[in-house]
Amino acid sequence: MSTEQLQAALAGEHAAVYAYGVVGAWTSGGDRDAATAAFDVHRARRDRITALLTDIGEDPVGPAGGYLLPVAVDGPETARALAATVESAASAVYADVVLAADGDADLRTTAARWQVDAAVRAALWSATTVAFPGAPELAAPLPSPSRS
C-alpha cells in the first residue's frame, strides 16, 4: 500500500473539517444540522487515518494554518456550494485510496464506502449527481454509434 494516498486523504480531511466550520457558520436549520453531521464524519475520518498512518510508522501530515477555500462563501447558497465541492474532492481522494490499497481488502472496502458516502453527500448539497464520483475521466460522453 502506498501511504501517499493516505496522506492526501488526511490532508483532505483536515481541509474538510476547516471548510465545514465555515459552512456551519453560514447555514441554519436542516443545513446546519447536515453541516454538523458532516463535520463530525470528517473529524472521525481524520482521526482514523491519523491512527492508520501512525500504526504503520508514518508521520501523519498535520493541518495547515489556514485554507484558501475553493468557493467564496457569502451566504447559505455559497456555503452549500462549498460543502458540495468539499465532498466531491473527498470522493476523488478516496477513489485514489481504493486504487492504491494493494492487497489490503479492509482499507479498500473502507475507502470505497467513504468514497460513496462523500459522493452521496455531494449530491445532497448540490442537488446534482455525477456518473462516476471520484473519476471524472470516466464520465466523458460516449461516442455516438456510427450509422453505415
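Colleague: W125, buried or exposed?

Modeller: This is a predicted model. In it W125 is buried, with a relative accessible area of 6%.

Colleague: What does W125 touch?

Modeller: Leaving out residues up to four places away in sequence, W125 touches Y20, V23, D31, A34, A35, R80, A83, A84 and E87.

Colleague: And which residues touch the most other members of the largest nonpolar core?

Modeller: Y20, V23, L82, V86 and W125, out of 15 residues in that core. Two or more residues each come from α1 (3–26), α2 (29–55) and α3 (76–100). There is also a second, separate core of 14 residues, with A9, I49, V97 and L107 among them.

Colleague: Switching to rings. How many aromatic pairs are there?

Modeller: Three, from a search of the whole structure. One of them is Y18 with Y67, tilted, at 5.1 Å centre to centre and 45° between the planes. Y18 sits in helix α1 and Y67 in the loop between α2 and α3, 49 residues apart.

Colleague: How accessible are Y18 and Y67?

Modeller: Y18 is partly exposed at 36% relative accessible area, and Y67 is partly exposed at 25%.

Colleague: Why is the Y20 and W125 pair called tilted?

Modeller: Because the planes of Y20 and W125 are at 45°, with the ring centres 6.4 Å apart. Y20 is in helix α1 and W125 in helix α4 (residues 105–126), so the pair ties together parts 105 residues apart in sequence. Y20 is buried at 2% relative accessibility.

Colleague: Last one, A16. Where does it lie?

Modeller: In helix α1. A16 is buried at 3% relative accessibility, and touches H42 and V86, not counting residues up to four places away in sequence.

Terms used:
Residues are numbered from 1 along each chain as its sequence is written. This is a predicted model: local features need pLDDT of at least 70, side-chain atom pairs count only at pLDDT 80 or more; totals for chains, interfaces and linings use all residues. Side-chain values use heavy atoms; hydrogens and water are left out. A nonpolar core is a set of buried Ala, Val, Leu, Ile, Met, Phe, Trp, Tyr and Cys residues joined through side-chain atoms within 4.5 Å. Buried means under 20% relative accessible area, exposed over 50%, partly exposed in between (1.4 Å probe, protein chains only). Helices (H or I, at least four residues) and strands (E, at least two) are DSSP runs, numbered from the N terminus. Contact means heavy atoms within 4.5 Å. Rings of Phe, Tyr and Trp (its six-membered ring) pair if their centres lie within 6.5 Å; planes under 30 degrees apart count as stacked, over 60 as edge-to-face and the rest as tilted.
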